[in-house]
Amino acid sequence: MSLTRYRRTPRGNWYLRGTVQGHHIHESTGTGIANQAEAIRIRREAELLERGAFGKAQTLSFAEAALAYMDAGGEARFLARILTHFGPDTLLSEIDNAAINAAAAALYPGAAAATVNRQLITPISAVVTMAANEGLATPRKFKRRKGDRIRTRWLTPEEATALIKAAPPHILPALGFMLGGGARSSEALGIDMAHFYPATAEAWLSDTKNGHPRMLRLPAAALDLVRACPLPDTGPICRTPKGKPYILRANGGGQISAAFAEACRGAGLDPKEVTPHTLRHTWATWFYAQTKDFGGLLDLGGWQKADMAQRYRKIAPGDLPERLVRAGWDFTELGQIRAVIGQPEARPVARPGQPSLRVIK
């Protein structure tokens, strides 16, 4: 039996219906043009005949495997560009190191090794692994790019002070959560007033990248930054320049990239070198330099493995703790109850290096 095509409405898309090699098909061609629909019918029928003769494992396309992976809850963030590159007809069995090298040259020319690994090789490997686990592909390993995958850039207290002074006011609360609490930018933008505890300078993160909720504990300088803008009665603390909550998305955080880059340029920093994620590396370096509390670093940073925390804390000069205190950052008093005297709803932020808000400890 073969596939036939039909329309539900006179000007609607053509549909395919029928049974080929035991496969019952009823699907849209996605087009209302007759000759295009016929070409799709012929190709689809040929695919089913080939699959019946050679088995699904030999005829499974990368696009089909990727769709199944995403339907199962797999990360889709970087797959769109990969799917566009390989198209609908590339077989999963054709994805090898040579195919990946060609994709890297086309999609990420000149990109760092870490970028190619994260945005190309890791997604492809995840799709192939899932298909292999279901017996639809041969298990394989892909060669990852070698290079410095560990970011070494972090901000000195002096650089951070310059960044804050140059920052547009609406991103100061996010900088407070990121620089003072180690939050990722996507996490900072989602912190809600219902989970913010100014009396103890804490914020609860219920939705984190690795799925493990944690509590942020902020030093006084970070609390000042969070309070730099009027705190809303309800909803997210971090807002757009128009006072609207950011639209949150999976693996987001890029909503403040332009404003952050503007602040970097104003502070004399290179936006290509210093990104919002640099602040998480900065927090880890600052926190450990002052406290020497590796267990606290793991807990507050939300890392499940020590080697990941080791990647974030950097070797720092011996005078960093004193320089941090002089700049207004003290991570040795986190979580202590503090009551702000005469704290209005919003007032000019006490920038690092200037006297902080008066507090009772």
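1. Is Tyr-197 buried, partly exposed or exposed in this structure? In this predicted model, Tyr-197 has a relative accessibility of 34%, and because that value falls between the 20% and 50% cut-offs, the residue counts as partly exposed. Tyr-197 belongs to strand β4, which covers residues 196–197.

2. The surroundings of Tyr-197 deserve a careful look in the 3D view. When its neighbours within four places in sequence are left aside, Tyr-197 is in contact with Glu-202, Trp-204 and Met-215. Arg-217 stands 20 residues away from Tyr-197 along the chain, and the C-alpha atoms of these two residues are separated by 9.7 Å.

3. Arg-217 is partly exposed, its relative accessible area being 31%, whereas Glu-202, with a relative accessible area of 11%, is buried.

4. How many salt bridges does the structure hold? There are ten salt bridges in the structure, and one of them joins Glu-38 to Arg-41, where the closest N and O atoms are 2.8 Å apart. Both Glu-38 and Arg-41 lie in helix α1 (residues 34–54), and the three residues of separation between them amount to about one turn of the helix. Glu-38 counts as partly exposed because its relative accessibility is 23%, whereas Arg-41 counts as buried because its relative accessibility is 15%.

5. A further salt bridge is formed by Glu-187 and Arg-184, and here the closest N and O atoms are 2.6 Å apart. Both Glu-187 and Arg-184 are buried, so each of them has under 20% relative accessible area.

6. Most residues other than glycine have a negative phi. Ala-201, however, has a phi near 55 degrees, which is a positive value in a residue other than glycine. Ala-201 is found in the loop between β4 and β5, and it is buried, with a relative accessible area of 0%.

7. Where does Lys-292 lie, a residue that also has a positive phi, of about 55 degrees, although it is not a glycine? Lys-292 is placed in the loop between α12 (278–291) and α13 (294–301). With a relative accessible area of 59%, Lys-292 is exposed, whereas Ala-201 is buried.

8. Arg-118 counts as partly exposed because its relative accessibility is 38%.

Key: Residues numbered from 1 in each chain as written. Predicted model: local features only at pLDDT ≥ 70, side-chain atom pairs only at ≥ 80, totals over all residues. Heavy atoms only, no water. Buried < 20%, exposed > 50% of the residue type's maximum accessible area, 1.4 Å probe, protein only. Helix = DSSP H or I, 4+ residues; strand = E, 2+ residues; numbered from the N terminus. Contact = heavy atoms within 4.5 Å. Salt bridge = Lys/Arg side-chain N within 4 Å of Asp/Glu carboxyl O.
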